[in-house]
Structures are given as structure tokens and as C-alpha cells.
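Open the model in a viewer and keep the sequence panel beside it. The stops below say what to select next and what is there.

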Amino acid sequence: LGSKAPKTMAALYSSPSPSALSPQPPGSFFALTVLTNLLNEIERCVVLRMVALEWTEDSGITERDFNSWFIGSKKDWDWEKLNDLCIISLNPSRSSSWFVKLRSPFHSSLRSALTSTQKHPWSLLPSAQLKPSPTPPPTLNELNAYTQNIWNGILHYLVGTKNTQEPNPTVLRFLRETGLMDVDAKTAGTKREKWEITKKGYDFMLKDVSEQVWSFVFSYLQTLQSTSSIISTLLLLTSLSHCTLSEGYPVSLLTKSHKTLMPKFKDFGLIYYTSGSPKFYPTSIAISLIPGSLSSSSGHLRPRTSFRSLLSLPDQTKNPTLNIIVQTNFTVVAYTSSPLHLSMLLLFCDGDDYMVMPNVLVMKLTRDSVKESFKRGIKCFQILKFLKKHSHPLIADADYRIPENVQSQLHLWEKEEVRIKCELAFKMYFEEEEREVERDVA
């Protein structure tokens, strides 16, 4: 955000309400998100102290008064960052060297957010004011299952699981434009052109769900040409982070640009919406995509929530978790019944010798299987990170969730790939005979 021009930041803060039924403008939620996510504790305390003050265009807090707020140095105070975010302005003063104040768009938006009684970005209209919905509202489990199925489908398609349904065009475009998939060289230019996962795609598969979702957000923002489109997308994302899970919000209160974004957000599981329904439902991923927003039911900061826990359903037969124990003999015991988890483990485990039981997979880390994963572009640290992230709860707090000998051996196998490094070199010869002797030997 700091790379955006001041005019763009000011436009984000001063975005108006889409209608009279939405008294809280989205710009105020964006200002609140900046306060809770991008400022450290010292900066947040000073800004909150300043937001309660009133001043004219030619007045502010003098240098002497401002410095008195700090004990010791202002090492945690970043003038450049606060200026880039269009929060603070320094102005010359007749009586002192300078005075400081909050910039008008941020000041008014943050004050509006802190003093408003509005708990939601969009008003919750009574059912009598909305047209009847053709389908019943989704339950919490249905919302989580909806998001989980979408992301499982994307990963199944990436890894090439048989009988996997092809994702929708929006997802396919994302997978191809971001380089996660590429045309198979054998079928390139033919009518039956096939796409296969790339090195970047393998890296994507082993990432956390939050990183995968942000990959989509960043790639989509890069495709936007106009500043107004970027502003609209950022405002919708920050507004969704202040919503309440399993609560429906009227589609009629969305701006025209936000209604255009809804199909794309729906394709990636950020929003649940059925055709003809008067309401849309933000999913757990959309709400927790930007952590640290204020809880709608209290004035406390909403803590960062694990995406893994958000997508865990009580019914493990429909949404099994992955709990891994790595043994000192390089055996990987994975408690799961998901074919997707099996495909992910086979990226670096031996695919010729493993056991499948109703809820347990027993696999092996071998030199050949690990070196094959290196050829796919998977790094040693990615394998270790994946195994640690999905470690069994009984060993999740242990100092060595992965045995030391296993970690060391994986690093040694990786070093075998770069044992010899060839580079262009030059040598100066002072005698012609010496040069000719070495030339003949070469």
C-alpha cells in the first residue's frame, strides 16, 4: 500500500457509502484495517491520541508537545511509512520548527469507524424488505465445506488426480497466467492440448491456504489497469474482513463495481452466493484473510486465525485433516483418508512402496523419491516446512517435530544436486609454453 500514490490512498479513505441504507462508508473500514495491520503499537497509540483532537488547516500539534509524548527516542516511529500511507502530515510553523497533524481523509474516516454504532459494513435488512430466496441460507458447516471443496478441487487438478472435474474458467486462467501450469511439450499445438503442473505449481501446492488465497488476490490486482478498480477491490476485501461468519448481507447494498467482483470471489471460495438470492455470505477465508480487524461484537482486535482450523469440519469423513509423524527410520505416518493428501505426500515420498489403511498412510522418504522432488523444483526447506506444518498434535509442540537425522539427510541429498558448479573462468599466462602445455592436456 505504501507504493500507492497519496491520491490513491486518500481515495481509499474517503470512499462514500454505496447507498443511504449503508451508513458506514467502506473507506472507514479501510482506515481501521490500516490502523490495526500496518502500524506498530507506538504508532497506533499516537494516532489514536491524535484522532480525538480538532484542528484547523493552519494548526496542529507543535514539535515540543509531540516530542513530549515519547519517552526516550522515537525509534519505533516511522515518518516515511506514515507519510506514504497518507496518515500524517508535517507542516512548517511560525512559532516552532513544525507541527504535525492527521491528514483529513484518514482522520475523518478513522473517527467515523471508531464512533459509529454500525457493526457491519452493510446493513442487515429485515427479511420483509428483501425478495424471497430460492434456497435456504447455508449453515456454518456448509460454508466451510463449500470453501474446502473449491480449494481441494484446485489442488486435485494441479496434481493431476484422475477423474477430477476441470475448474471454472476464472480458476483456469489464474493457474495458467501465474505460471502454476504450462502446456505439455508433447501435446503443444495439437487439438488435444494438455496442461501440466510446473515447478512454481509444486511450490504453490505445499503452501498454506492463506498464501494460496493471497496468490490469487495479488495476481488479480496485477491484471487491473485503472486505479478505480484497484480501490474497489481493496475496499471489498477490507469490508469482508469486518463481516460476521454465517451472516447474510444484502446484494442490493453493494456498489456496481463490487457486484462485478462477486463472481470472481465466488470462484475462489471467498463468497457464497446462489443465483437469484438476495444475500451473499462471506466465508471464513474472506473474513480472516486480513487479520487484526475489530470484532463486530466487541471492541477487541480479532486475532489471526489458522486457515487450517477454519477449514476443518466436525465430520472428518467429508473433510479429513492431515496429521503427520516422521520417524527416525525415514518412515512417514500420515493420519488421513484424503486422496489429495496422498497425492501431495507422493510429491516427495516413495510411490512404489507404501501402505494405505482406512485412516492411515505409511510411506517412506527415500533418496530417489526426494531427489525426484528436487527435479520438480521442490526445495528441501519446503518439504520440511510442509511436514512441520502438518505434524501430529501430540508432537506439535516438541522441539524436534522432525528427527534431526532426517533433516540432516534431506539437506545432504539437496547438496548433492549442486556438488559441482561450472562457471566461466579466465587464466593469465606469462609464458607461451605453459599455455600450450595446458591446452594440449585439456
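Two strands count as paired if DSSP finds at least two bridges between them. Helices (H or I, at least four residues) and strands (E, at least two) are DSSP runs, numbered from the N terminus. This is a predicted model, in which local features need pLDDT of at least 70 and side-chain atom pairs count only at pLDDT 80 or more, while totals for chains, interfaces and linings use all residues. Residues are numbered from 1 along each chain as its sequence is written, and side-chain values use heavy atoms, with hydrogens and water left out.

**Whole chain**

Colour by pLDDT, the predictor's confidence in each residue, from 0 to 100. The chain mean is 78, and 84% of the residues reach 70 or more. Select residues 292-319: pLDDT stays under 50 there, and the model has 62 contacts (heavy atoms within 4.5 Å) beyond four places in sequence for this stretch. The chain holds 19 helices and twelve strands. Of its 442 residues, 44% are buried (under 20% relative accessible area; exposed is over 50%, partly exposed in between; 1.4 Å probe, protein chains only).

**Strands β9 and β10**

Select residues 323-326, strand β9, together with residues 331-335, strand β10. β9 and β10 pair in the antiparallel sense over four bridges, and isoleucine 325 stands opposite valine 333 in β10. The two strands form a hairpin with four residues between them. In the turn, phenylalanine 330 has a positive phi of about 70°. Is β10 enclosed or open? Four of its five residues are buried, so β10 is largely enclosed by the rest of the structure.

Tyrosine 335 stands opposite valine 360, and threonine 331 opposite lysine 364. β12 is mostly covered, with four of its five residues buried. Next, show residues 355-356, strand β11: two bridges join β11 to β12, and the two run antiparallel. Methionine 355 has valine 362 as its bridge partner in β12. Three residues link β11 to β12 in a hairpin.

**Glutamine 407**

Go to helix α18 (residues 404-416) and pick glutamine 407. Its relative accessibility is 17%, so glutamine 407 counts as buried. Leaving aside neighbours within four places in sequence, glutamine 407 is in contact with Leu384, Lys388, Tyr400 and Ile402. A distance label between the C-alpha atoms of glutamine 407 and threonine 328 reads 9.9 Å; the two residues are 79 apart along the chain.

**The largest nonpolar core**

A nonpolar core is a set of buried Ala, Val, Leu, Ile, Met, Phe, Trp, Tyr and Cys residues joined through side-chain atoms within 4.5 Å. Which members of the largest core touch the most others? Of its 107 residues, these are Tyr13, Ile87 and Phe348. Centre on phenylalanine 348: beyond four places in sequence, its contacts are Leu206, Leu365, Ser369, Val370, Ser373, Ile383, Phe386 and Leu387.

**The three-stranded sheet**

Finish at the open sheet ordered β1-β3-β2, with antiparallel pairing. β1 (61-62) and β2 (88-91) stand at the edges with a single partner strand each, so one side of each is left without a neighbour in the sheet. Four bridges join β2 to β3 (residues 99-102). Phenylalanine 99 in β3 is the bridge partner of asparagine 91.
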